[in-house]
Amino acid sequence: QVQLVESGGGLVQAGGSLRLSCAASGSIFSINSMDWFRQAPGKQRELVATITSRGSTNYEDSVKGRFTISRENAKNTVYLQMNSLKPEDTAVYYCRADIATSATRWKRYWGQGTQVTVSS
């Protein structure tokens, strides 16, 4: 059984910083891309940042220059460093990962989400 567990959310003032972590555990053979999504109240879930197994990254336009995604493969963990936070960054943040439990068995997993609230 594979699980993704996020941590690091909380309440922060505008202009502040938070660092989210997402650790994968269980019977893991390999991890491909790892992503961060967010969902604000009344809005659809949106992709915030992606990092491939080789470390290539991509960001949603509104977070470019403020957020940094990284991963530590030895710990099966992905991070999201969020700086210069704005009230519009308030959302539940979810991690997602494509994980293989064997050489031929891949599946997409989601974490349970962590709340980020930015006050003005």
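User: In which strand is isoleucine 51 found?

Analyst: Isoleucine 51 is found in strand β5. One caution at the start: this is a predicted model.

User: Why is isoleucine 51 called buried?

Analyst: Its relative accessibility is 5%. Buried means under 20%, so isoleucine 51 counts as buried.

User: Which residues does isoleucine 51 touch, leaving out those up to four places away in sequence?

Analyst: Isoleucine 51 touches Asn32, Ser33, Met34, Ser56, Thr57, Ile69, Ser70, Arg71 and Val78. The cut-off for a contact is heavy atoms within 4.5 Å. As for threonine 68, its C-alpha atom and that of isoleucine 51 are separated by 9.9 Å, with the two residues 17 apart along the chain.

User: What makes cysteine 22 and cysteine 95 a disulfide?

Analyst: The S to S distance is 1.9 Å. The cut-off is a pair of cysteine sulfur atoms within 2.5 Å, so the pair of cysteine 22 and cysteine 95 qualifies as a disulfide. A search of the whole structure finds 1 disulfide.

User: Which parts does the pair tie together?

Analyst: Cysteine 22 lies in strand β3 and cysteine 95 in strand β9, so the link ties together parts that are 73 residues apart in sequence. The link is right-handed, with 45° about the S-S bond.

User: Are cysteine 22 and cysteine 95 buried or exposed?

Analyst: Cysteine 22 has a relative accessible area of 1%, and cysteine 95 has 0%. Buried means under 20%, so cysteine 22 is buried, and so is cysteine 95.

User: What stands opposite cysteine 95?

Analyst: Tryptophan 36 stands opposite cysteine 95 in β9. β4 and β9 pair in the antiparallel sense over 8 bridges.

User: How do you know that β4 and β5 pair?

Analyst: 5 bridges join β4 to β5. Pairing needs at least two bridges, so β4 and β5 count as paired, and they run antiparallel. Arginine 38 stands opposite glutamate 46 in β5. The two strands form a hairpin with 6 residues between them, and glycine 42 in the turn has a positive phi of about 75°.

User: What makes β4 a mostly covered strand?

Analyst: 7 of the 10 residues of β4 are buried, each under the 20% cut-off.

User: Which residues of the largest nonpolar core touch the most other members?

Analyst: Trp36, Leu80, Met82 and Tyr93 do, in a core of 30 residues. At least two residues of this core come from each of β3, β4, β5, β7, β8, β9 and β11. β9 supplies the largest share, 5 residues.

User: In what order do the strands of the open sheet stand?

Analyst: The order is β1-β3-β8-β7, 4 strands with antiparallel pairing. β1 and β7 each have a single partner strand, so they stand at the edges and one side of each is left without a neighbour in the sheet. On average, neighbouring strands of this sheet are turned by 15° against each other, direction ignored.

User: How many bridges join β7 to β8?

Analyst: 6 bridges join β7 to β8, which run antiparallel. In β8, valine 78 is the bridge partner of arginine 71.

User: Why is the phi of asparagine 76 worth a remark?

Analyst: Most residues other than glycine have a negative phi. The phi of asparagine 76 is near 50°, a positive value in a residue other than glycine. Asparagine 76 is found in the loop between β7 and β8. Serine 84, in the loop between β8 and β9, also has a positive phi, about 50°, although it is not a glycine.

User: What makes threonine 114 a buried residue?

Analyst: Threonine 114, in strand β11, has a relative accessible area of 11%. That is under 20%, so threonine 114 is buried. A polar atom of its side chain lies 3.3 Å from the backbone nitrogen of glycine 9, and the cut-off for a polar contact is 3.5 Å.

Definitions and conventions
Residues numbered from 1 in each chain as written. Predicted model: local features only at pLDDT ≥ 70, side-chain atom pairs only at ≥ 80, totals over all residues. Heavy atoms only, no water. Core = buried A, V, L, I, M, F, W, Y, C linked by side-chain atoms within 4.5 Å. Buried < 20%, exposed > 50% of the residue type's maximum accessible area, 1.4 Å probe, protein only. Polar contact = N/O pair within 3.5 Å; in protein donor to acceptor, adjacent residues only side chain to side chain. Axes fitted to C-alpha atoms, helices over the stretch in contact; angles between N-to-C directions.
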